[in-house]
Amino acid sequence: MVESIRVDGAALQTGEKTIDALESGRRAPAAYRLDGPERFVIIPAGSASESIDHVVAWTRGSAAAASAVVVWLDPRSQAEGTTARAGALWVRMITLLHSHGHIDDDRLYRDLMAASASGDSALGILARIIQDLDRAVVVVFHGEGAAPAFAAQVESDVADLLAQTTKLRVIVVKEVAPSLAEPLESSKAAPRCVDLAMQRFIRDTGAAPYLDAQLARALTGHDDAALQLDRLVQKGLGTWHATSDGKPEFYYVDGVYEEAQANATGFSRSRTEQGTAAVIARWFLTERFDPSAALPFAVRSGDIDLIAAVGMRLFPLGGDDGDVYADMIRRIPRSEQLAHPILALWMGTQLALQPDGMDRAMVYLRAAGDRAAATARSLPPTERAILDGVEAYVLRRSGQVSAGRAKARIASRDLAKLALNRKLDPSLNQVLVTVWHQVGVSLVYAGARNEAVELYRLLFDYCDEHALGHRRNSSASMLAFIAADNGSVREAERWLELVIEEDWPSAWRTGYTRTYRDLAEILIAVNQVDAMRLDGVLSRFIAFESETEHWDIVVFAQVCAALIRGDVSAASTWFDERVGERLDGTTHPVIRERLRLLRLMLRAAGADPHQEITGRRTVAARATHAALSAIIAARTADADRAVADAVTAGLSARTPLEQGFAIIASLLVARHSAHSVDLVTARTKLHMLAEIHGLRFPLIYLSASDRQALLAGSGAGTESPHPLQPVLRAVPTCVQSDGMETRRALLTRQEIAVLRALCAHSSRQDIAEQLHLSVNTVKVHLGSVYRKLGVHSRAEALVAASLLGVLPKER
């Protein structure tokens, strides 16, 4: 049974009032505060009667209150007049405890006499009485308030009482005692209710948002730190919680933590406070594996190696908290940013995204490469491989292709070895897979595509195993890009099917996350000669062009789109304008090589672009370069050059795209020289490239007459045409008219009818009967058709008719 004692003289019958929230099984907000461990509680907003109801209901239903003596104090009864003293409250409380049998006569007499002799106050007597009781005491302040001076006395006494006894709990009903609640609340009496040693302990440990005994020992040097934390819990100043894996974590209650935080500011001005921050950062990093929580403390510590160790585990500082991390890194002095490869790399990549920021970015990137080279050998294997990858990335960005290829191969070899032997450090996963991805890009740029494919396959599996969805997407996208750039469209599409859109990060600070997915789609659309798909992905990607290294592929796609439409002039103009705007002395050699290839593609289509691409040639796409050069030479009657280049293309072709261009080159060279070609083999290979790999783009370089010659003798125009025929019909030509297209306009309606009938009938008699003409008339019409089409046989006439769309659709 709850025992309540009234001191205010007003009728307050405990147990008579209840609140609907408790009757219905729900707890009001105040009930949570009352049930907590805090020894000083202020009941917040609400009407006066409702606030009282909360407390009354708690005294009835709480197990803690049921075993305590609950004393209701109304400050008004002792605060009238300017001479009112808080001590009168405590005297009345002592008297009341005596009258209810909690203090016997001898104890009351002895304490009062001792106080009289020593000058001890009523407050000191009350503290000793409460401490000696076998029951806890709860004091509830209520009433409509008291004078400020009196409230200040009570506030001070409450803090002293709480410090002197652990058996007292104070509850203030704020709405009905505001003049007392406000000074108590603003003074944060709870943090003051400890001795000086414990206050020092709180100050030393309160900078961390939470801690355990290990961190408390490291921060204070006290072997009994665990006992100190338990004492804080007993005093209602903190609580223990268990993590999902059972690790204990100590949290200060409201007020205590804030005060400790206020006492722990100014890390940059105090070496002691910097040391404290370093200890907390290392604990978060090594014990809780939480680099995001460690970073602010690492920055405050000023320890550049510690900052870099934390930053390495957060790199590339993307995601929803990227802006917060970025602001912390930027506060580090520039000299220290340049002193560590990861910090310099991050700053460099950020500056590279800004307009005209590349010059400043390269200062940081070169520093990152230099520091990586200087420190990598002394580090553990995973960090060493990461820094080798950083160096390879910097060499690539600075245009040092050969050195970048060599360093990328070293990093690739080490990463593959560590991955296969399962010796990678998973705490470094974010920076690891980011640099791993960039090592692969460096290999692609250097022309080591087979090595890049193997590395990306390992990366895909690693990310899949460790649930790193973003980089899993990136590796699948890069594999799709490589396959599409090789002309393996079907393989590229299979890799893109493995990309999960939901796994892309919602926020990212280091460029457009879907770059290689979109670039793969661009190349797929080009190789399939799919103008609609190409327009769609281009419109999406152009908005992010400035955030990537690959402006050349946008130009490539836009020029190819014009070629697919047959608008060679527009393609050439677009090339001259866009390349003229972007090409300069800093343009990467690999980008120059792609632009050089694009210029050859335009020339092979009959254009004459003005923009020259200077610079050292690389070995990339050698077969395609040779094939396009052969096509140009063949069309300009340079037979010897055409044959030599065609042979080179055929011998060096490896990828489907290279093979496709090599076949087209051999066909065109054969038409314009004495060089021979096996048409049956050429038709079969081109059809296989289209069906197995999805590659059609090289076919746009065949004019109508070229296609006619390719299909001659293949059954074109018959009921069993070669399977390449519908493929050719679906692919437009980019070659300027060689006269074949104008010949259809020369055919009369009757000649077209005779030509169509020729498809179904082999004899003139049958044609004459079908068209109700004489045999002689049919003979005249056929002679005219052969002459206008420039053919000499029925088979050649049917091929030409098929390519010009004269034959019925079903044929």
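These legends walk you through a few close-up views of the structure above. The model is predicted, so local features need pLDDT of at least 70 and side-chain atom pairs pLDDT 80 or more, while totals for chains, interfaces and linings use all residues. Residues are numbered from 1 along each chain as its sequence is written, and side-chain values use heavy atoms, without hydrogens or water.

**View 1. Asp212 sits in the loop between helices H11 (196-205) and H12 (213-220).** Helices are DSSP runs of H or I with at least four residues, strands are runs of E with at least two, and both are numbered from the N terminus. Asp212 is buried at 10% relative accessible area (buried is under 20%, exposed over 50%, partly exposed in between, with a 1.4 Å probe and protein chains only). Beyond its neighbours within four places in sequence, Asp212 is in contact (heavy atoms within 4.5 Å) with Leu229, Trp240, Pro248, Trp283 and Arg288.

**View 2. Tyr210 and Trp283 form an edge-to-face aromatic pair, 5.7 Å centre to centre with 70° between the planes.** Rings of Phe, Tyr and Trp (its six-membered ring) pair if their centres lie within 6.5 Å; planes under 30 degrees apart are stacked, over 60 edge-to-face, and the rest tilted. Tyr210 lies in the loop between H11 and H12 and Trp283 in helix H15 (residues 271-286), 73 residues apart. Tyr210 is buried at 13%, as is Trp283 at 4%.

**View 3. The charged end of Arg300 sits over the ring of Phe297, 5.3 Å from its centre.** This requires NZ of Lys or CZ of Arg within 6 Å of the ring centre and within 35 degrees of the ring normal.
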